[in-house]
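Please read this briefing alongside the sequence and the structure.

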Amino acid sequence: MAGVKKGVTMMEKPAICGGMPVRETPINYGHQYIDDADIQAVVDVMRQDLTCGPKIKELEEKLCRITGAKYAVVCSNGTAALHIAALAAGVGEGDEVITTPITFAASANCALYCGARPVFADINEETYNIDPAQVKALTTEKTKAVVAVDYTGQSVELDELLDHCHKHGLVLIEDGAHVIGTRYKGKCNGSIADMTTFSFHPVKTVTCGEGGAVLTNSEEYYQKLLLYRTHGITKDREWMEHEPDGPWYYEQIALGMNYRLTDIQAALLISQLDKLPMFSARRKEIVKTYNEAFSKLPQITIQKEIPESDTTRHLYILRLNLDKLRIGRKEFFEALKAENVFCNVHYIPTYYFPYYEKLGYKRGICPKAEKLYEEIISLPLYYAMSDQDVQDVICAVTKIVEYYKA
Ligand SMILES: *Cc1c(COP(=O)(O)O)cnc(C)c1O
């Protein structure tokens, strides 16, 4: 392997300064894992129903079985899941929805889709999740819902958030795009909040290309979610206003969307979910290895783990103690890239985006979130990483830290 040397010594030159890279081939921060069973499941369904077929119900039942939730509604992606959850919660014009800025934009956009205003609450500086005390402080008469994101896969403080929400008549929507496989106080996330949304995008823990779901224990939310998923159309006699004039009859009783998942995607996800325990175990193993290696470096802060959350991590966040380094986050990121360790940053605070600026949001409203954003890099974390891949990442980080420590 010309040009690559394994097991670099600590004082070796980073590749960005002309040294040899830790790896010859790039590694990305995330990647799906598809096996023969997944492929066969898709091939098999191609001869059956492509959409609105039996795979949808089968998948929904499987999600309920895995999480312990009473109802699941699968839909086209995690953003659609958030949108129909917000609609089912009754979010509308003039309402406020409290969420975190350290998330993908969809967590706040779902409020805007409904004509409501997102209100950003700051994070806990150690867990990086939304701070329940901030949620309480920002609750007003206009608040309708809270969208709490299980950032990196660690559960938000559900008991405290639920208690607050239910005292004030608010709906707790858990944006669980990162959380599948995690348990909070022994119960699976997805079975606890008023509604929990999942995403099945390829970087997430299980995937079907594009896909999402809303889980709930409430029959009322369940019925509404079904309605909003399919145009606001019902064939249920009980919901209709007029007398059916034939067996073909249906009514549109609300303004819904077409957010259906196809049977092709459902078949893939059913097969992927069989591997969730395996995916989860491997992710935990990698996180443990990273934590052990990085806790030895004073230049790195490890994300605090709360004992209530038995976490399947979707993202691994490297937090730099910049006062102990001679380079900034951007230079650190580029140095990792030169080692062929391709990272990412999750997330740019939502209200930094021009669209939000134009809505009047100013920087400075969530100082802890803004500080976090300056200091973080998401390292590669996915099931198919080999032990060597994990060691390469550790090696690259350690090399850069040692070279640039203050
Ligand atoms: C991925 C993600 C979403 C959106 O999911 P899509 O399936 O891509 O629409 C929403 N919220 C968070 C926190 C995410 O990571």
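**Salt bridges and other features**

The whole structure contains 23 salt bridges. The model is predicted. Zero disulfides turn up in a search of the whole structure. The largest pocket has a volume of about 390 Å³.

**Salt bridges within helices**

- Side chains of opposite charge can pair when their charged atoms come close.
- Glu60 pairs with Lys57 in a salt bridge, and their closest N and O atoms are 3.4 Å apart.
- Both residues of this pair, Glu60 and Lys57, belong to helix α2 (residues 54-67). They sit three residues apart, about one turn of the helix.
- Lys57 is partly exposed, at 42%.
- Glu220 and Lys224 form another salt bridge, with an N to O distance of 3.0 Å.
- Helix α7 (residues 219-229) holds both Glu220 and Lys224. The two are four residues apart, so about one helical turn separates them.
- Lys224 is partly exposed, with 26% relative accessibility.

**Salt bridges between elements, and a network**

- The side chains of Glu375 and Arg319 make a salt bridge at 2.8 Å, N to O.
- Which parts does this pair tie together? Glu375 is in helix α12 (residues 367-375), and Arg319 is in strand β14 (residues 316-320). The pair therefore links parts that lie 56 residues apart in sequence.
- Glu375 and Arg319 are both buried.
- A network of salt bridges links Arg23, Asp389 and Asp392.

**Cysteines**

- A disulfide needs two cysteine sulfur atoms within 2.5 Å.

**A three-stranded sheet**

- Strands β7, β6 and β13 form an open sheet in the order β7-β6-β13. The pairing is antiparallel.
- Which strands stand at the edges? They are β7 (187-188) and β13 (309-310). Each has a single partner strand, so one side of each has no neighbour in the sheet.
- Strand β6 (residues 183-184) is joined to β7 by two bridges. These two strands run antiparallel.
- Arg183 lies opposite Cys188 in β7.

**The largest pocket**

- The volume of the largest pocket is about 390 Å³.
- How many residues line the largest pocket, and which are closest to its centre? The lining has 26 residues. Phe104, Ala177, Ser199, His201 and Lys204 are the closest to the centre.
- By class, eleven lining residues are nonpolar, twelve are polar and three are charged.

Methods
Residues are numbered from 1 along each chain as its sequence is written. This is a predicted model: local features need pLDDT of at least 70, side-chain atom pairs count only at pLDDT 80 or more; totals for chains, interfaces and linings use all residues. Side-chain values use heavy atoms; hydrogens and water are left out. Two strands pair if DSSP finds at least two bridges between them. On a 1 Å grid over the protein atoms alone, a cavity is a set of points where a 1.4 Å probe fits but cannot get out, and a pocket is an open set with protein on both sides within 12 Å along at least five of seven lines; lining residues have an atom within 4 Å of a point. Grid points are joined across faces, edges and corners, and a volume is the space filled by probe spheres set on the points. Ala, Val, Leu, Ile, Met, Phe, Trp, Tyr, Cys and Pro count as nonpolar, Asp, Glu, Lys and Arg as charged, and the others, Gly among them, as polar. A salt bridge is a side-chain nitrogen of Lys or Arg within 4 Å of a carboxyl oxygen of Asp or Glu. Buried means under 20% relative accessible area, exposed over 50%, partly exposed in between (1.4 Å probe, protein chains only).
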